[in-house]
Amino acid sequence: GFSVASPSCPPRRPRKKPRPSPPLLKCPRPPRPLPAPTRPHPMAPSLLRPASPCRPLAPPPCAAGPGRSRGTVSIGDSTARGVTLRAAGSGRSDFSCATKASEDHSGLTRQLLDFQHDTVDETDGGYDPFSQLKERFTDFKQRNYVENFTNYQKLAEQQTPEFMVVACADSRVCPTSILGLQPGDAFTVRNVANLVPPYEHGASETTAALEFAVNSLQVPNVLVVGHSRCGGIQALMSMKSKKDDRSSRTFIRDWVSLGKSARLSTEAAAGNLSFESQCRHCEKESINSSLLNLLTYPWIEERVKEGNLNLHGGYYNFIDCTFEKWTLVYRPGLEGGSKYAIKNRSTWS
C-alpha cells in the first residue's frame with residue numbers, strides 16, 4: 001500500500017490562530033465611486049443596435065481621458081433632469097432613463113466632433129433622401145451666400161429681424177418661401193395650427209421663442225400666419241364636446257385644445273354651415289384668438305401700448321394662392337367701448 005506521509009517531508013505543524021489586530025482609528029472615507037459604464041467605441045454603429053431598457057447607470061468620471069479634451073460635451077445636467085422627473089412623481093427609473101439619454105447624446109455628439117469634413121459620404125447604394133438637399137444647399141451657397149458674403153458675415157455677428165413669425169408646421173405652408181423671407185428677416189417658430197398659448201399656459205417652444213424675440217431681439221412686428229385646409233383646425237373642430245372619452249387623448253388633441261375659444265366662436269357664428277365652411281371660418285378665428293393671447297403676456301402688452309410692437313394676422317390660401325393680412329389695434333380707450341379693432345386689411349392675389 002501507499003503511506004500518506006513521505007519520509008522526505010517533515011510532519012505538518014498545527015496552524016496557530018492569528019492574533020487579533022489592534023483597533024485602528026477609523027477616519028471618514030468619501031463614498032466609493034461607482035464603476036464607470038462601459039462605453040462603445042466612438043465609431044461603433046450604436047444606432048443599429050435595438051434600444052435596450054433603461055437601467056441605473058453611474059455618472060461618468062469627471063476626469064477626461066486621453067483624446068476627450070477637445071470639444072467634450074458636459075452631461076452634468078442629467079442629474080437635474082432626474083430630480084425634476086422625480087419631483088413630478090416619477091420613480092427612480094425616470095432618473096436612470098434621463099441619465100441613459102444623456103449618455104447616448106453625449107456619445108453621438110462625440111462622434112460628430114470627431115468627424116472629418118473630407119470624409120466621403122456614406123451611402124448604401126439605395127435612395128438617398130438627402131441628395132436633393134445637398135444639391136440645393138450647394139446651389140444656395142454659390143448663388144446666395146457667396147454673392148451676399150458681406151451680409152452673411154454681419155449676420156454671423158448679430159441678428160436684427162424685422163418680424164417674429166408664428167406659422168403652422170404644415171409642409172405646404174413655408175413662410176420663408178411664400179413671403180420671400182431671407183436669412184435675418186424673421187425669427188420664426190412653427191407649430192401645429194399656428195397657435196399661440198395664453199400666458200397662463202406656461203413654458204413651450206412657442207412661448208420661449210416669443211420671449212426671446214420680443215425681449216432680447218426687440219422685434220417691431222409679430223405675424224401669426226394661418227392657412228387653408230389646416231389639419232390642426234380640422235382636429236379642433238372634430239373634437240367632441242364634454243363626453244369625449246379620456247382614453248382618446250393625444251398630444252395633438254391636447255395642443256389644439258388651446259384653440260377652443262376660436263371653436264366656440266365659430267360654432268356661434270357659422271354653426272349652420274358645412275363642416276368645411278366651419279373649418280375655413282375657424283382658421284381665421286384662431287389667428288385672431290392667437291393675437292389676443294399675445295396680449296396676455298405682460299411684456300408684449302407693454303410694448304404694444306408703447307407703440308414699439310405691432311401684432312399682425314396673415315392667412316395663406318394655397319388653393320388659389322392668395323394672402324390676406326391685417327393688423328390688430330389695441331387701445332384701452334378705443335371708441336365703442338372695445339379695446340380691439342382691425343386695421344390695414346388687404347388681400348394679395
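Student: In this predicted model, with which handedness does helix 7 pass helix 10?

Tutor: The two elements to follow are helix 7, which spans residues 231–238, and helix 10, which spans residues 275–294. In the model, which is predicted, helix 7 passes helix 10 in a crossing that is right-handed.

Student: Is helix 7 roughly parallel or roughly perpendicular to helix 10?

Tutor: The axes of helix 7 and helix 10 are 9 Å apart, and the two helices pack at an angle of about 115 degrees. Angles of 65 to 115 degrees count as roughly perpendicular. Helix 7 is therefore described, relative to helix 10, as roughly perpendicular.

Student: Which residues of helix 10 meet helix 7, and how many of the residues in this contact are nonpolar?

Tutor: From helix 7, the residues taking part are Ile233, Gln234, Leu236, Met237 and Ser238, and they meet Phe275, Gln278, Cys279, Cys282, Glu283 and Ser286 of helix 10. Sorted by class, the contact of helix 7 with helix 10 has one charged residue and four polar ones, while the number of nonpolar residues is six.

Student: Which element gives the most residues to the largest nonpolar core?

Tutor: This core has 26 residues, and those touching the most other members are Met164, Leu210, Val222, Leu294, Ile300 and Leu311. The elements that give two or more residues to the core include strand 1 (163–168), helix 6 (205–216), strand 3 (221–227) and strand 4 (310–317). With four residues, the element that gives the most is helix 6.

Student: How many residues are in the second, separate core?

Tutor: Leu195, Ile233, Met237 and Cys279 are included in this second core.

Student: Is arginine 331 buried or partly exposed?

Tutor: Arginine 331 lies in the loop between strand 5 and strand 6, where it touches Ser338 and Lys339, not counting residues up to four places away in sequence. Buried would require under 20% relative accessible area. Because its relative accessible area is 47%, arginine 331 is partly exposed.

How values were computed: Residues are numbered from 1 along each chain as its sequence is written. This is a predicted model: local features need pLDDT of at least 70, side-chain atom pairs count only at pLDDT 80 or more; totals for chains, interfaces and linings use all residues. Side-chain values use heavy atoms; hydrogens and water are left out. A nonpolar core is a set of buried Ala, Val, Leu, Ile, Met, Phe, Trp, Tyr and Cys residues joined through side-chain atoms within 4.5 Å. Buried means under 20% relative accessible area, exposed over 50%, partly exposed in between (1.4 Å probe, protein chains only). Axes are lines fitted to C-alpha atoms, for helices over the stretch in contact, and angles run from 0 to 180 degrees between N-to-C directions. Angles under 35 degrees count as roughly parallel, over 145 as roughly antiparallel, 65 to 115 as roughly perpendicular and the rest as oblique. A crossing is left-handed if the near helix is turned anticlockwise from the far one by less than a right angle, and right-handed if clockwise. Contact means heavy atoms within 4.5 Å. Ala, Val, Leu, Ile, Met, Phe, Trp, Tyr, Cys and Pro count as nonpolar, Asp, Glu, Lys and Arg as charged, and the others, Gly among them, as polar.
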